[in-house]
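Please look at the sequence and the model before reading on.

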Amino acid sequence: MKIGIVGRGRAARTLVPLVEQADMVLEWWWSRRDTRMVNQLEHVDAVLLAVPDDQIRYAAISLASRPFAADEVWLHLSGSVSGDVCRVAPATPRAAGGLHPLQTLPGHAVAPDYLHGVLAGVEGESAACTLAM
C-alpha cells in the first residue's frame with residue numbers, strides 16, 4: 001500500500017518511521033512549508049492528515065487540487081472532529097474518515113511494535129474504515 005503523510009508535527013514524525021518499517025510504502029511526506037507544490041505529489045492509496053485539528057479542512061482542500069485525489073482514501077488523526085471534514089466534494093476523496101490511535105505519538109523514533117495492539121478510534125465512510133483497520 002502506498003501512503004502519503006501530510007504534516008511535520010509529533011504525530012507525523014512518529015508515524016513516518018513506523019510506516020517505512022511496515023508493509024507499506026511511504027510515497028511522500030509533505031507539509032505546506034515544503035518547496036514541492038501539493039499538485040506535484042504522486043498518487044497514493046491512502047493519505048494520513050497529521051495536522052492540527054483546525055488545519056484538516058485546509059489540508060484537504062489543498063490535496064483536492066491533485067488530479068488523482070478522487071482515487072484516494074484520506075484519514076485524519078484527530079479525535080475531536082468527524083471524518084467528513086476531509087470530504088471536499090461529492091467524489092473527492094474516494095473515502096474519508098478518522099483514525100485516532102489511543103496512544104501518545106511522541107514525535108521521535110519509537111520501537112517498530114510501538115502501536116501493535118493499541119486501540120484506535122476509527123470512523124467515517126465504509127471504505128475509509130476498512131482501510132484503517
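The sections below treat the basis of the model, its charged side chains and its pockets.

## Basis of the model

The model is predicted, and local features need pLDDT of at least 70, side-chain atom pairs count only at pLDDT 80 or more, while totals for chains, interfaces and linings use all residues. Residues are numbered from 1 along each chain as its sequence is written, and side-chain values use heavy atoms, with hydrogens and water left out.

## Salt bridges

Side chains of opposite charge can pair when their charged atoms come close. A salt bridge is a side-chain nitrogen of Lys or Arg within 4 Å of a carboxyl oxygen of Asp or Glu. By this rule the structure has four salt bridges. One of them joins R8 to D34, with the closest N and O atoms 3.0 Å apart. R8 belongs to the loop between strand 1 (2-6) and helix 1, and D34 to the loop between strand 2 (25-30) and strand 3, so the pair ties together parts that are 26 residues apart in sequence. Helices (H or I, at least four residues) and strands (E, at least two) are DSSP runs, numbered from the N terminus.

Another salt bridge links E72 and R66 at 2.6 Å, N to O. Both E72 and R66 are buried, whereas R8 is partly exposed at a relative accessible area of 36% and D34 is partly exposed at 24%. Buried means under 20% relative accessible area, exposed over 50%, and partly exposed in between (1.4 Å probe, protein chains only).

## A charge over a ring

R8 has a further contact: its charged end sits over the ring of W29, 4.3 Å from the ring centre. For this term, NZ of Lys or CZ of Arg must be within 6 Å of the ring centre and within 35 degrees of the ring normal.

## The largest pocket

On a 1 Å grid over the protein atoms alone, a pocket is an open set of points where a 1.4 Å probe fits, with protein on both sides within 12 Å along at least five of seven lines; lining residues have an atom within 4 Å of a point. The largest pocket is lined by 23 residues, and L15, M24, L99, L115 and A132 lie nearest its centre. Helix 1 supplies the largest share of this lining, four residues.
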